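Welcome, and please open the model in your viewer. We will visit a few stops together, beginning with a pair of side chains.

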Amino acid sequence: MSARRWAGDLKMGVRFAFTGGREGWIRVLLTAVGVGLGVALLLLTTAIPNALAVRDARENARTDLVFGAQPLPKADDTLVVARVDTDFHGDSVRGRALEPEGPGAPLPPGVREFPDAGEMVVSPALRELLESDAGKLLRERLPERIVGTIGERGLVGSAELAFYRGAEGLAPHIDGGRVARIDRFGDPDATSEPMDPVLLLLVLVVFVVLLMPVAVFIAAAVRFGGERRDRRLAALRLVGSDSLMTRRIAAGEALAGAVLGLAFGTVFFLAGRQLAGRAQVFHVSVFPSYLNPSPLLALLVAVAVPVASVLVTLFTLRGVVIEPLGVVRTAKPARRRLWWRLLLPLGGLAMLYPMLGQGRENGEFNQYLVTGGVVLLLVGVTALLPWLVETVVARLGAGSVAWQLAVRRLQLSSGTAARMVNGIAVAVAGAIALQMLFAGVDDQYTRETGRDVTQVQMQVSLPEEEPVGPAAERMRATTGVRGVYAYSEGYLGDRRRDPELGAQLTVGDCTALRRIARLPSCRDGDVFAVPRAEYDTDTAKLATAGRTLYLDASYEGSPKGKEIPWTVPQGLRQAEPRVGPAGGETGGFLVTPKALPAAAAPGLSGQLYLRLDRSVREAPEHVRNTAAAIDPMAYPLMWSSQHTAGRFAAIRTGLFVGAACVLALIGASLLVSQLEQLRERRKLLSALVAFGTRRRTLSLSVLWQTAIPVGLGLLLASAVGLTLGRRC
């Protein structure tokens with residue numbers, strides 16, 4: 001068969017699609033909408049790599065705190081940056097305090113000029129929040145005057161909450177951690193760590209599982225209006241076309257809908273791209289400029305969708321005999337065979353079997369075997385579901401009128417019903433597999449913090465110069481705070497410089513000290529040594545009355561510290577360690593306030609541990625506001641009983657975002673599919689109404705026609721999903 005003959009027949013099919021009157025136009029439009037929804041999601045997927053790359057580049061470009069770097073001397077081109085992040089109702093607010101030390105100080109990306117003290121520049125989303133009624137509590141925490149907006153270059157997402165505030169006197173707080181001196185933004189030496197093999201497996205499975213339903217929906221969309229199309233093809237046979245030519249013409253009609261679907265999909269994608277700039281899904285947002293599909297991947301979609309439409313049409317017509325006087329589909333079709341349908345899932349299991357036990361110590365995953373195995377298992381769902389629906393509905397019998405109408409319709413065209421729910425079955429099977437897979441590796445990337453969140457829910461770290469007592473009193477007066485345990489903490493060394501032995505020094509009242517140690521008795525003025533705490537090997541050697549120790553001793557390579565001398569008192573008593581609210585044992589020396597010399601106070605930093613009133617919903621926000629009022633450098637932290645690795649959490653968030661998009665596609669595609677089915681059956685339904693059938697009965701029959709295949713699809717999806725989850 002020559003290429004010219006193929007092209008001519010396909011062209012004729014395209015012409016029939018657009019010149020076939022209202023019926024042809026409706027079929028083409030329904031196909032185009034269905035295909036367009038899938039194409040839009042495919043284009044969005046092809047844009048994800050670029051979006052992730054741009055977000056990483058933006059994040060790296062604004063990096064300002066480089067841990068472990070040698071401290072810079074003050075110069076005309078240096079800038080002191082303090083990390084003043086906060087949270088508001090579960091959303092992170094990125095904050096930096098800036099103090100330029102000369103005219104050459106580097107500006108953060110997206111900022112035109114430095115704000116003065118008492119001023120700040122904010123992201124558009126933060127400005128909108130602060131100006132709304134919902135941001136009233138946050139506005140109390142950020143009282144600075146807004147003088148500018150952070151540009152897109154300085155943000156990783158359109159909904160990101162971020163600000164830069166002007167500050168003074170930051171240099172004395174430089175610690176190389178929360179406060180640092182820099183001469184540029186960005187880290188040119190930043191490198192990405194290689195992906196953990198288990199996380200790589202998760203990424204592969206997530207992409208396959210999310211994209212398979214899209215492919216199934218596109219394949220189903222190009223078959224809309226199949227029964228009416230076949231009757232038109234019978235007319236072509238009547239005027240002289242042979243069966244092969246007729247099938248190629250049918251493929252041309254599908255090609256027309258697919259090509260129009262590409263145009264619709266592009267429009268849907270561009271519209272969704274603009275809407276994405278205003279949306280936030282699971283705390284993730286992007287700018288429209290991020291969503292630029294890879295040219296090669298976009299070209300692959302543009303070629304694959306039309307080619308797939310032609311191949312799907314030819315494949316579905318292989319068992320249809322189109323004759324001049326009708327289509328031999330109205331007769332009872334041949335029973336579907338099971339053996340070849342089982343080959344697909346069995347082949348998938350065979351590809352996944354060698355991957356059992358792989359990862360980390362046992363070797364890398366073979367990406368091709370994993371991807372191929374998952375694809376075959378999910379494709380197996382689409383192959384098995386028509387057989388399962390046909391087998392089950394053939395055995396269904398008596399019931400109500402609505403039930404009998406639905407069952408008889410399914411017995412005559414079970415393939416159409418199966419196509420409608422194939423995408424749902426694939427999505428559910430993949431979702432079950434992913435749920436099992438994530439649950440199976442969750443314990444590898446989630447660890448217990450050891451914090452007792454039933455006793456303490458928040459912690460506030462105070463700067464060294466901030467007195468703990470007044471701060472604790474202000475916290476006790478804060479709305480939603482039921483109790484405060486206040487400690488001042490420091491580190492003792494046996495020498496001024498480069499100490500060999502060291503121990504922790506903790507100052508607190510008797511009630512607070514009893515939370516972290518078992519004290520024989522306690523009154524203000526007592527000092528205790530806790531020599532047997534975990535990981536503490538030096539306290540026993542240092543706990544000698546009259547020995548001089550040095551608070552805030554300095555080490556080689558670090559600036560000279562305060563080096564405050566402290567003498568171990570004569571009345572030193574022993575105490576036993578206990579697990580505190582933070583989850584560990586506190587060793588070293590425990591000191592009540594009266595026993596601490598006033599000269600030692602500047603070498604200590606305060607820690608406040610808070611019990612909150614769970615009935616006050618805004619209690620954490622009130623605590624953060626009080627902490628900011630005490631000192632802008634105070635750092636409130638919400639406690640959690642578990643900590644999840646960043647990459648694992650990012651992959652899980654990506655899965656949630658992708659699943660939300662697929663669910664939206666499922667809903668839209670089901671609506672289009674149901675409209676197409678009702679359009680094809682409107683004459684039959686009208687005839688039934690004319691014979692006196694109640695509309696309620698017809699509605700229930702349509703419901704049963706959808707519910708039975710959906711139920712069978714969910715059963716099959718559960719079996720395949722559980723199998724896939726165990727194998728992965």
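Start by selecting Cys510 and Cys522: these two form a disulfide (a pair of cysteine sulfur atoms within 2.5 Å), with their sulfur atoms 2.0 Å apart. The pair links distant parts of the chain, twelve residues apart. Cys510 sits in helix α14 (residues 510-514), while Cys522 lies in the loop between β14 (517-518) and β15 (527-530). Helices (H or I, at least four residues) and strands (E, at least two) are DSSP runs, numbered from the N terminus.

This is a predicted model, where local features need pLDDT of at least 70 and side-chain atom pairs count only at pLDDT 80 or more, while totals for chains, interfaces and linings use all residues. Residues are numbered from 1 along each chain as its sequence is written, and side-chain values use heavy atoms, leaving out hydrogens and water.

Stay with the cysteines and look along the S-S bond: the torsion about it is about -80 degrees, so the disulfide of Cys510 and Cys522 is left-handed. Are these cysteines buried or exposed? Both Cys510 and Cys522 are buried (under 20% relative accessible area, with exposed over 50% and partly exposed in between; 1.4 Å probe, protein chains only). The structure holds one disulfide.

Next, select residues 295-316, which make up helix α8. Its 22 residues reach 32 Å from the first C-alpha to the last. Now pick out its buried residues, among them Val301, Val305, Pro306 and Ser309.

Finally, zoom out to the whole protein chain, which has 19 helices and 23 strands. Buried residues make up 47% of its 728 residues.

Conventions: The expected span of a helix is 1.5 Å times one less than its number of residues.
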